[in-house]
Amino acid sequence: MTTEKSDQLRQQLIAAVVKKRAAIARAQEIVVRLMEPGIPEPEFLSLLWEIGPPNYSDIVDERDINKLCGYPLCSNVLENIPKQKYTICASKNKVYDLTERKKFCSGYCFKASEYIKAQVPTSPLWLRDRETRPSFHLLARGT
Ligand SMILES: [Zn+2]
């Protein structure tokens, strides 16, 4: 390989690393932003494109730690959080794990959050510019 060619390769490699780091840093910024209460809907929907599922889980967890409902569009404070880890539904004869559900103020917020989480793209953050941006949808109230 000529020196010129290896130089070029090296530059490409550096550019790829820089791009990857920038995308990860940006996702981290979004996690911090979405930990706040009072996030406007359009902003929320536009930011989902720049995060991955682990970032979304971090947002829910961080909000929970701050006693804020895990769904980023809800500003309710978490109160009367059940202490038990499981609940038994007698009619369905089933045991439910409450670990995730406890991070939300209501059944709606839990479902709406799961609905969004399922739409968060799984592809690497730094390769998103090669993809077409999907449109994200919120779960309608009363479902
Ligand atoms: Zn809520």
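## The zinc site

Along the chain, the residues that donate to the zinc ion are spaced as C-x4-C-x30-C-x3-C. This is a predicted model, and in it the zinc ion is coordinated by the SG atoms of C69, C74, C105 and C109, at 2.3 to 2.4 Å. The angles among these four donor atoms run from 106 to 116°, and the site of the zinc ion is tetrahedral. As a point of reference, the ideal angle at a metal with four tetrahedral donors is 109.5 degrees.

When the whole structure is searched for aromatic pairs, three are found. In one of these pairs, the ring centres of F44 and Y71 are 6.2 Å apart and the planes stand at 85°, which means that the pair is edge-to-face. F44 belongs to helix α2, which covers residues 41-47, while Y71 sits in the loop between α3 (53-65) and β1 (86-89), so this pair ties together parts of the chain that are 27 residues apart in sequence. Both F44 and Y71 are buried.

Y71 also forms an aromatic pair with Y108, and this pair is edge-to-face, with 6.4 Å from centre to centre and 85° between the planes. Because Y71 lies in the loop between α3 and β1 and Y108 lies in helix α4 (residues 107-117), the pair ties together parts that are 37 residues apart in sequence. Y108 is buried, as is Y71, and the residues F44, Y71 and Y108 form one aromatic cluster.

L78 is found in the loop between α3 and β1, and with a relative accessible area of 7% it counts as buried. Which residues does L78 touch, if those up to four places away in sequence are not counted? The contacts are D64, K67, L68, C69, K102, K103, F104 and C105, and among these residues C69 and C105 are also donors to the zinc ion. For L78 and K102, the separation is 24 residues in sequence and 8.7 Å in space, taken from C-alpha to C-alpha.

I39 lies in the loop between α1 (3-33) and α2, and its relative accessible area of 6% means that it is buried. Leaving aside neighbours within four places in sequence, I39 is in contact with R33, L34, F44, P72 and L73, and F44 is a member of the aromatic cluster described above.

## Backbone angles with a positive phi

Most residues other than glycine have a negative phi. K67, which is not a glycine, has a positive phi near 60°, and this residue is found in the loop between α3 and β1. With a relative accessibility of 41%, K67 counts as partly exposed.

N93 is not a glycine either, yet its phi is positive at about 55°. N93 is placed in the loop between β1 and β2 (94-97), and at 69% relative accessibility this residue counts as exposed.

An unreviewed UniProt entry places the feature "domain: RTR1-type" at residues 46-129.

In the segment after α4 one finds S123, whose relative accessible area is 19%; a residue is called buried under 20%, so S123 counts as buried. If residues up to four places away in sequence are not counted, S123 touches R128 and E131. R128, in turn, lies over the face of W49, at 5.5 Å from the ring centre.

Terms used. Residues are numbered from 1 along each chain as its sequence is written. This is a predicted model: local features need pLDDT of at least 70, side-chain atom pairs count only at pLDDT 80 or more; totals for chains, interfaces and linings use all residues. Side-chain values use heavy atoms; hydrogens and water are left out. Rings of Phe, Tyr and Trp (its six-membered ring) pair if their centres lie within 6.5 Å; planes under 30 degrees apart count as stacked, over 60 as edge-to-face and the rest as tilted. Helices (H or I, at least four residues) and strands (E, at least two) are DSSP runs, numbered from the N terminus. Buried means under 20% relative accessible area, exposed over 50%, partly exposed in between (1.4 Å probe, protein chains only). A charge sits over a ring if NZ of Lys or CZ of Arg is within 6 Å of the ring centre and within 35 degrees of the ring normal. Donors are N, O and S atoms within 2.8 Å of the metal (3.2 Å for Na, K and Ca); water is not among the atoms, so sites may look incomplete. Four donors count as tetrahedral if all angles lie between 85 and 135 degrees; four count as square planar and six as octahedral if opposite donors are over 155 degrees apart and all others between 65 and 115; anything else is irregular. UniProt positions are given in the numbering used here, feature names are shortened, and annotations may be inferred rather than shown by experiment. Contact means heavy atoms within 4.5 Å.
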